[in-house]
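Please look through the sequence and the model shown here before reading on.

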Amino acid sequence: MTLTFRCPAELEGKIPPPVPATLGLPGWLKAMPTQAFNTANMRDEDTIKRCPPFVDAMTSGFLLPLICDLKVENGAITWDNDLPSGVLEFPRSPIGFHDESQVTGTPLFEPDRYVIKFHNLWTIEAPEGYSVLFTHPVNRFDLPFTTLTGLVDCDLFHDSWIHFPARWHDTNFSGVLPRGTPVAQCIPVKRDKWVARTAPMTAGETERVRELTKKIPREPGLYRRQFRT
């Protein structure tokens, strides 16, 4: 399956491209140990680096990058971004802003505080029947902002830009957010109609749950070996 990203021809090679999320893992995850001493149990135990669901979520889909450096100092955000003109009109700034009135009644609302919007200069086309979930880069708690989550039917809407509103939550951040920093993660989602079904476990299902629950602590890496595609 292919997710197609297109940029204006004059921007090719001048803005960073989307990258597979597998190639965008943060340095802290690569550097962290796979085991650490658990003072409650008095033994070494696996860290989240060995938790497949945690890592698999971070490596799903693609990461959309910040198009240029952002300098943040004393609450002010500045940038230097020189992009060529062309046939299409597109934002030349890496970010825009939403007035706080647009989030009135939500936990995002704060008087006299804007919601920022990361500008994305790639159109995104999904195969027929697929939408794309856009969200904050998964488990990237180190980033000073939180990107809002949205779902777009990119098999139909693929001839215009999708920008990414975000809340800048680290008001003490000072420094440079570098070009290429992931500002959103996009994960294709097949559209299907789902219903929820509830049922009591059968005797056979109960036994399978009992056995697997016993095996998980006895056999480290069981999920990774037997239940991970």
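**A briefing on the predicted model**

Ile 216 counts as exposed because its relative accessibility is 51%, where exposed means over 50% relative accessible area, buried under 20%, and partly exposed in between, with a 1.4 Å probe and protein chains only. This residue lies in helix H3, residues 203-218; helices (H or I, at least four residues) and strands (E, at least two) are DSSP runs, numbered from the N terminus. The model is a predicted one, in which local features need pLDDT of at least 70 and side-chain atom pairs count only at pLDDT 80 or more, while totals for chains, interfaces and linings use all residues. Residues are numbered from 1 along each chain as its sequence is written, and side-chain values use heavy atoms, with hydrogens and water left out.

**Surface patch**

- Ile 216 belongs to a nonpolar surface patch of about 370 Å², which is made by Leu 212, Ile 216, Tyr 223 and Phe 227.
- Patches are made of residues with over 30% relative accessible area and no salt bridge, with like charges joined within 9 Å and nonpolar side chains (Val, Leu, Ile, Met, Phe, Trp, Tyr) within 5 Å.

**Overall build**

- The secondary structure of the protein comes to 4 helices and 16 strands, and its C-alpha atoms fill a box of roughly 65 × 45 × 40 Å along the principal axes.
- Of the 229 residues of the protein, 34% count as buried.
- The accessible surface of the protein comes to about 14400 Å², with 56% of it belonging to carbon and sulfur atoms; accessible areas come from the Shrake-Rupley method with a 1.4 Å probe, and for residues only the protein chains shown count as cover.
- Among contacts (heavy atoms within 4.5 Å) between residues at least 6 apart in sequence, 67% join residues at least 24 apart.
- The protein has 25 positive and 27 negative charges, and their mean positions are 10 Å apart. Lys and Arg count as positive and Asp and Glu as negative, with His and the chain ends not counted, and the place of a charge is taken as NZ of Lys, CZ of Arg, CG of Asp or CD of Glu.

**Salt bridges**

- Side chains of opposite charge can pair when their charged atoms come close.
- The structure holds 13 salt bridges, each being a side-chain nitrogen of Lys or Arg within 4 Å of a carboxyl oxygen of Asp or Glu.
- Arg 140 forms a salt bridge with Asp 142, and the closest N and O atoms are 2.8 Å apart; Arg 140 counts as buried at 10% relative accessibility, whereas Asp 142 is partly exposed with a relative accessible area of 42%.
- Arg 191 meets Asp 153 in a salt bridge of 3.6 Å, N to O. Arg 191 lies in the loop between strand E16 (182-190) and H3, and Asp 153 in the loop between strand E13 (150-152) and strand E14 (164-168), so the pair ties together parts that are 38 residues apart in sequence.
- Arg 191 is partly exposed, with a relative accessible area of 35%, and Asp 153 also counts as partly exposed at 35% relative accessibility.
- Asp 155 and Arg 191 meet in a salt bridge as well, at 2.6 Å from N to O. Asp 155 lies in the loop between E13 and E14 and Arg 191 in the loop between E16 and H3, so this pair ties together parts that are 36 residues apart in sequence.
- Asp 155 is buried, with a relative accessible area of 11%.

**Positive phi outside glycine**

- Asn 74, a residue other than glycine, has a positive phi near 55 degrees; Asn 74 is found in the loop between strand E6 (70-73) and strand E7 (76-78) and counts as exposed at 78% relative accessibility.
- Asn 139 is not a glycine either, yet has a positive phi of about 65 degrees; Asn 139 lies in the loop between strand E11 (130-135) and strand E12 (145-147) and is buried, with a relative accessible area of 17%.

- Met 1 is found in the segment before strand E1 (4-6) and counts as exposed at 80% relative accessibility.
- Not counting residues up to four places away in sequence, Met 1 touches Pro 127 and Tyr 130.
- Pro 53 has its place in helix H2, residues 52-58, and is partly exposed with a relative accessible area of 46%.
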